[in-house]
Each structure stands twice: as C-alpha cells, then as structure tokens.
Amino acid sequence: RTADGQLHALAQGVERLVLLKLEQTAPFLMGRARVLEPLSDSGPEVDALHRAVAELIGQLPTLVQSAGIAAVVEALREEHDPVALGYRVAALLNLSIEGEQALLEASTGVELLRKIYAALLHEVQVLQIRSKIASDAEAEIGKSQREYLLRQQMKAIQQELGEPEDGGETAELKKK
C-alpha cells in the first residue's frame, strides 16, 4: 500500500497462453486458453544475443541514477536462462502495451531476444541523450552562475575603489 491508500501488486507469469475465447467479462474475466510451449532455443545465435543483452544491461548503472540499480543489474547478469533474462529485462523497459504484446507473441527465443535487444538499445540511447542534455544544461547554468559571480565581484571592487560601476564610460558619453 502507498501513502495515499493505493495497492500495488507485482505479478509474474508462469506460462504463456493464447486466448481462444472470452466467455465472461463481468464481474471478472473468464475465458478458454491454450498453453504455449516454453521458448527453449539454444545455439550460437541465442548465446550471442544473451551476451549482447547482458552487455547492454551493464551500461545501465552509469545512465540511471537510482538506488539499487547496480544490484538489479548484477542479478540480471547472473541469469543463465536467455528467455528468463529477456522477460526480466522487458519488465524494466518503458514498453508500450503493443511492445509488450509483441514480446509475448515471440515464437522463438531468438525472436524474443532480438526484440529485447532492440528495445534495450533504444532505451540506452535515450538515457545517453538525456544524460548529455542534463550535462549540457548543468554546464550552461554553471557558466551563467560564474559570469554573474564575476560581475558581482567586479562591482564590489569598483565600489571599493570609488569608481562608477560602468567604468565611467556612460558618464563620459552623457557629457559629450
């Protein structure tokens, strides 16, 4: 429960199903479904995609400023089942419902891992761009703050020396 009384639940699927017929919608959903075979591909392509996804995951701690992200990434990198890794990574991504559905509809482990890799690569690129934007903004703010500080120091020095703040240039122009 949250402070405002909402209840949050985390659910993890055990099997993939295909809905054959929706039989009831109220007061709850009920339907007929068929269990799909688990994705259990193996081979060099699955291994390569598994390693590529694990490598991309390793970039997250430098891009995401969140408590515990390093522990999450470490736990994900320890996952030896490529399909399980794919589904766990998918839970972390900002996918649309259509994107999530496409992952569930993947017919092979290779297809699933390719989709996960593409989505994860997109997310990493977005995070890198966001980080660059934040860095550039901080640099610009820092530059503006430095300039303001220097102007204030210059004014204070001029006042101490008894000089006008604008160096007397405006006063001379007014006289002429």
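## How α1 and α6 meet

Let's start with two helices: α1 and α6 pack with their axes 10 Å apart and at an angle of about 20 degrees (axes are lines fitted to C-alpha atoms over the stretch in contact, and angles run from 0 to 180 degrees between N-to-C directions). Because angles under 35 degrees count as roughly parallel, α1 is roughly parallel to α6. Helices here are DSSP runs of H or I with at least four residues, and strands are E runs of at least two, numbered from the N terminus.

On the α1 side, the contact (heavy atoms within 4.5 Å) includes Val53 and Ile57; on the α6 side, Ile116 and Leu120 are among the residues involved.

## About the model

This is a predicted model, in which local features need pLDDT of at least 70 and side-chain atom pairs count only at pLDDT 80 or more, while totals for chains, interfaces and linings use all residues. Residues are numbered from 1 along each chain as its sequence is written, and side-chain values use heavy atoms, with hydrogens and water left out.

## The nonpolar core

The largest nonpolar core has 22 residues, and Val53, Ile57, Val89, Leu112, Ile116 and Leu120 touch the most other members. Such a core is a set of buried (under 20% relative accessible area, 1.4 Å probe, protein chains only) Ala, Val, Leu, Ile, Met, Phe, Trp, Tyr and Cys residues joined through side-chain atoms within 4.5 Å. Its largest share, six residues, comes from α6.

Leaving aside residues up to four places away in sequence, Leu112 touches Leu39, Val83, Tyr87, Leu103 and Ala106.

## A cis proline

Pro27 sits in the loop between β1 (17-24) and β2 (30-35). The peptide bond from Ala26 to Pro27 is cis, with omega near -5 degrees.

Conventions. Buried < 20%, exposed > 50% of the residue type's maximum accessible area, 1.4 Å probe, protein only. Parallel < 35°, antiparallel > 145°, perpendicular 65-115°, else oblique.
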